[in-house]
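Please prepare a briefing on the side-chain arrangement of the structure shown here, grouped by topic and with the cut-offs stated.

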Amino acid sequence: MDNYSTHKTPAIKAWLAKHPNFELHFTPTGSSWINQVERWFGCLAHQMIRRGAPKNIQALEADIRTWVKAWNEDLKPFIWT
């Protein structure tokens, strides 16, 4: 999540206290969570889309779904540098 104060309100703090299984991770100040989303799509484009030559939209969609499934089976956190 970003560094704005919306997650620091009393209501949110109370909810988080009741749900200890949630762990918050923050993007660096001056950055945005959207940067991480853009980076993920960059990985998708570089690792799968640019390397393939699907014959049609259905094949492209199937390739993307396969890539996302593999990505989700081997999760690793983004290391922000």
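Ring pairs join Trp40, Phe41, Trp67 and Trp71 into a cluster, where rings of Phe, Tyr and Trp (its six-membered ring) are taken to pair if their centres lie within 6.5 Å, with planes under 30 degrees apart counted as stacked, over 60 as edge-to-face and the rest as tilted. This is a predicted model, in which local features need pLDDT of at least 70 and side-chain atom pairs count only at pLDDT 80 or more, while totals for chains, interfaces and linings use all residues. Residues are numbered from 1 along each chain as its sequence is written, and side-chain values use heavy atoms, with hydrogens and water left out.

**Aromatic pairs**

- A pair of aromatic rings is described by the distance of the centres and the angle of the planes.
- The structure holds five aromatic pairs; in one of them, the rings of Trp40 and Phe41 have centres 4.9 Å apart and planes at 85°, so this pair is edge-to-face.
- The rings of Trp40 and Trp67 are likewise edge-to-face, because their centres are 5.5 Å apart and their planes stand at 65°.
- This second pair links distant parts of the chain, with Trp40 in helix H2 and Trp67 in helix H3 (residues 57-73), 27 residues apart; helices are DSSP runs (H or I, at least four residues), numbered from the N terminus.

**Nonpolar core**

- The largest nonpolar core has five residues, namely Trp40, Cys43, Leu44, Met48 and Trp67, and helix H2 gives the most to this core, with four residues.
- A nonpolar core is a set of buried Ala, Val, Leu, Ile, Met, Phe, Trp, Tyr and Cys residues joined through side-chain atoms within 4.5 Å, and buried means under 20% relative accessible area, exposed over 50%, and partly exposed in between (1.4 Å probe, protein chains only).
- Trp67 counts as buried because its relative accessibility is 12%.
- Met48, leaving aside its neighbours within four places in sequence, is in contact (heavy atoms within 4.5 Å) with Cys43, Leu60, Asp63, Ile64 and Trp67.

**Nonpolar surface patch**

- Trp33, Ile34, Val37 and Phe41 make a nonpolar surface patch of about 370 Å², the accessible areas coming from the Shrake-Rupley method with a 1.4 Å probe, and for residues only the protein chains shown count as cover.
- Patches are made of residues with over 30% relative accessible area and no salt bridge, like charges being joined within 9 Å and nonpolar side chains (Val, Leu, Ile, Met, Phe, Trp, Tyr) within 5 Å.
- Phe41 is found in helix H2 (residues 33-49), and with 47% relative accessibility Phe41 counts as partly exposed.

**Salt bridges**

- The structure holds three salt bridges, each defined as a side-chain nitrogen of Lys or Arg within 4 Å of a carboxyl oxygen of Asp or Glu.
- Arg65 forms a salt bridge with Glu61, the closest N and O atoms being 3.0 Å apart, and about one helical turn separates the two, because they are four residues apart in helix H3.
- Arg65 counts as exposed at 56% relative accessibility, whereas Glu61 is partly exposed, with a relative accessible area of 40%.
- Lys69 forms a salt bridge with Glu73, the closest N and O atoms being 3.0 Å apart; both lie in helix H3, four residues or about one turn of the helix apart, and both are exposed.
- The side chains of Asp74 and Lys76 meet in a salt bridge of 2.6 Å, N to O, in which Asp74 is partly exposed at 46% relative accessibility and Lys76 is exposed, with a relative accessible area of 57%.
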